[in-house]
Amino acid sequence: QFSPKKPHVAFLPSPGLGHVTPLFELAKILVTNHGFHATFLNITTEASSAQNNLLHSPNLPHHLHIVDLPPIDISNLINSQTPGITHLCINTNESLKCLNKVLNQLPNKPQALVIDIFCTQAFDACKDAVPNIPVFTFFTASARPLALSLFLPQLDRDVEGEFVDLPHPVQVPGCEPVQIKGMLDQIMNRKSDEYKWYLHHISRLPMAAGILVNTWEDLEPVTLRALQEHAFYHNIPIPPVHPIGPVIKETEPVTQTGSECIAWLNKQPSNSVLFVSFGSGGILTTKQQNELAWGLQLSGQRFLWVVRPPSDDSNATSFFNAGNDDSNYVGSYLPKDFVEKTRKRSMLVTSWAPQMKILRHPSTASFLTHCGWNSVLESVANGVPMIAWPLYAEQRMNAMMVEEEIGVGVKVAVGEGGLVGREEVERVVKMVMVEGGKRKAIK
Ligand code: UDP
């Protein structure tokens with residue numbers, strides 16, 4: 001039942017579990033701990049069963065209402081070469097054409113809206129449908145890429161040519177200087193659609209009533225202070241920045257694969273398993289996947305690997321179908337000898353693994369991760385040392401924080417041709433798995 005006395009907030013994430021999960025958790029916290037009503041607007045995509053399982057679980061708290069936006073067809077706007085962020089922005093853009101109508105039709109009007117950074121169309125839709133309500137942005141990565149992103153429109157004005165060619169690090173006011181090369185993929189090529197979409201949304205963030213960011217003071221004191229002390233970056237207004245992290249999931253939907261993972265972990269000795277996962281979007285090339293496989297074999301350690309079919313297409317991502325069961329037998333895309341040789345000490349998962357339950361499990365010792373920000377937070381919250389293997393977006397920045405600033409993991413060294421070789425995999429796995437040495441210091 002809707003009670004008009006309770007505050008009512010609507011949420012609007014862009015698709016993908018990396019965005020949906022933290023906004024959904026925040027909605028749950030407000031409903032469960034603070035007596036709010038929440039309406040969660042869900043942008044539907046080509047079916048991602050993991051997202052559906054999460055949002056349509058039978059155990060959601062009362063007063064948390066899910067509203068599915070009508071499905072759209074973007075097949076004529078994208079192709080297999082369309083990179084992840086462009087795909088996501090096109091999908092979101094098309095879906096949000098009905099936002100005004102959806103907001104108008106809500107039986108109860110929200111008093112505030114929380115959106116993620118790829119949904120800035122909401123600033124316009126709200127003006128008509130729910131005028132004068134504050135619209136907050138939830139930045140689901142850390143404060144460091146937030147500061148660089150807020151400074152981006154200024155950089156775009158000041159710099160000619162590519163940022164990667166700048167001879168010196170970029171100085172965002174009040175922050176540590178940052179070497180742009182390889183830090184935020186979407187700004188590496190200014191002629192790309194990814195860059196144009198990113199700049200478009202980022203340039204609109206000053207319209208927000210405030211920016212919520214999934215971090216906290218002790219983790220990023222310098223950057224947070226810089227953001228909070230500057231009302232402007234040159235001419236760009238900086239809205240109030242609120243560090244509200246870590247916002248991480250508490251529970252996960254029960255699935256058959258999930259139960260199998262936990263049953264397997266229950267049979268392993270404590271602190272003996274390396275968890276390997278590249279998030280919802282990470283895909284390796286065939287050659288890289290094979291090197292990882294043989295490195296895991298050489299390490300002699302137990303492992304639980306969320307493994308997806310490899311792709312040699314540099315834009316490949318599983319972002320839009322992560323968690324859909326893949327009926328392909330892993331033996332068709334992993335070396336057959338490898339599967340045979342490691343059978344007794346490994347579990348291979350081809351769909352969606354219950355990451356939080358795995359990280360919390362006493363058998364789990366370490367986490368080889370692509371360093372998506374949610375994964376980093378979940379690992380830190382559970383005291384699990386990391387092997388940082390960044391792939392795209394702001395993950396290299398996160399990996400650098402993990403190793404150099406927070407000191408909770410080790411980064412893989414990339415060798416010739418951008419490949420992480422099997423000996424390197426063996427080296428870092430032993431570093432975080434074998435008691436003593438680096439593992440002890442990290443713990
Ligand atoms: N995740 C999961 N099982 C999987 C893969 C991912 O539960 O098999 C969850 C993970 O716990 C995290 C989110 O999906 O909450 C991924 O977010 P992250 O920011 O780490 O990476 P992204 O997928 O956005 O690259």
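Helices (H or I, at least four residues) and strands (E, at least two) are DSSP runs, numbered from the N terminus. Residues are numbered from 1 along each chain as its sequence is written. This is a predicted model, in which local features need pLDDT of at least 70, side-chain atom pairs count only at pLDDT 80 or more, and totals for chains, interfaces and linings use all residues.

**Exercise 1. Describe the backbone at H63, H234 and P246.**

Step 1. Take H63. Its phi is positive, about 70°, although H63 is not a glycine. H63 lies in the loop between α2 (49-55) and β3 (64-68). With 19 other C-beta atoms within 10 Å, H63 is partly exposed.

Step 2. Take H234. Phi is near 55° here, again a positive value in a residue other than glycine. The loop between β7 (232-233) and β8 (236-237) holds H234. H234 counts as exposed, with 11 C-beta neighbours inside 10 Å.

Step 3. Take P246. G245 and P246 are joined by a cis peptide bond, with omega about -5°. P246 is in the loop between β9 (241-243) and α9 (256-266).

**Exercise 2. Describe how α7 packs with α6 and with α3.**

Step 1. Two packed helices are described by the angle between their axes and the distance between the axes. Axes are lines fitted to C-alpha atoms, for helices over the stretch in contact, and angles run from 0 to 180 degrees between N-to-C directions.

Step 2. Set the classes. Angles under 35 degrees count as roughly parallel, over 145 as roughly antiparallel, 65 to 115 as roughly perpendicular and the rest as oblique.

Step 3. Treat α6 with α7. Helix α6 (residues 143-158) packs on helix α7 (residues 193-204) at about 110°, with the axes 9 Å apart. That makes α6 roughly perpendicular to α7.

Step 4. A crossing is left-handed if the near helix is turned anticlockwise from the far one by less than a right angle, and right-handed if clockwise. α6 passes α7 in a left-handed crossing.

Step 5. List the contact. S149, L152, P153 and D156 in α6 meet L199, I202 and S203 in α7.

Step 6. Treat α3 with α7. Helix α3 (residues 84-95) and α7 pack at about 50°, with their axes 8 Å apart. The two are therefore oblique to each other. Their crossing is left-handed. I85, T86 and C89 in α3 meet D193, E194, W197 and Y198 in α7.

**Exercise 3. Describe the packing of α10 with α15.**

Step 1. The axes of helix α10 (residues 286-299) and helix α15 (residues 422-433) come within 7 Å and cross at roughly 50°. α10 and α15 are therefore oblique to each other.

Step 2. α10 passes α15 in a right-handed crossing.

Step 3. Residues of α10, including W294 and L298, meet R422, V425, E426, V429 and K430 in α15.

**Exercise 4. Which residues come nearest to the ligand, and which element gives the most to the shell?**

Step 1. A residue is near a molecule or strand if its C-beta atom, placed from the backbone, lies within 6 Å of it. Of the 18 residues around the ligand, G18, G279, Q355, G372 and S375 come nearest.

Step 2. Two or more shell residues come from each of α1 (17-34), α12 (355-360) and α13 (373-381). α13 gives the most, with four residues.

Technical notes:
Contact = placed C-beta atoms within 7 Å. Buried ≥ 20, exposed ≤ 12 C-beta atoms within 10 Å, placed from the backbone.
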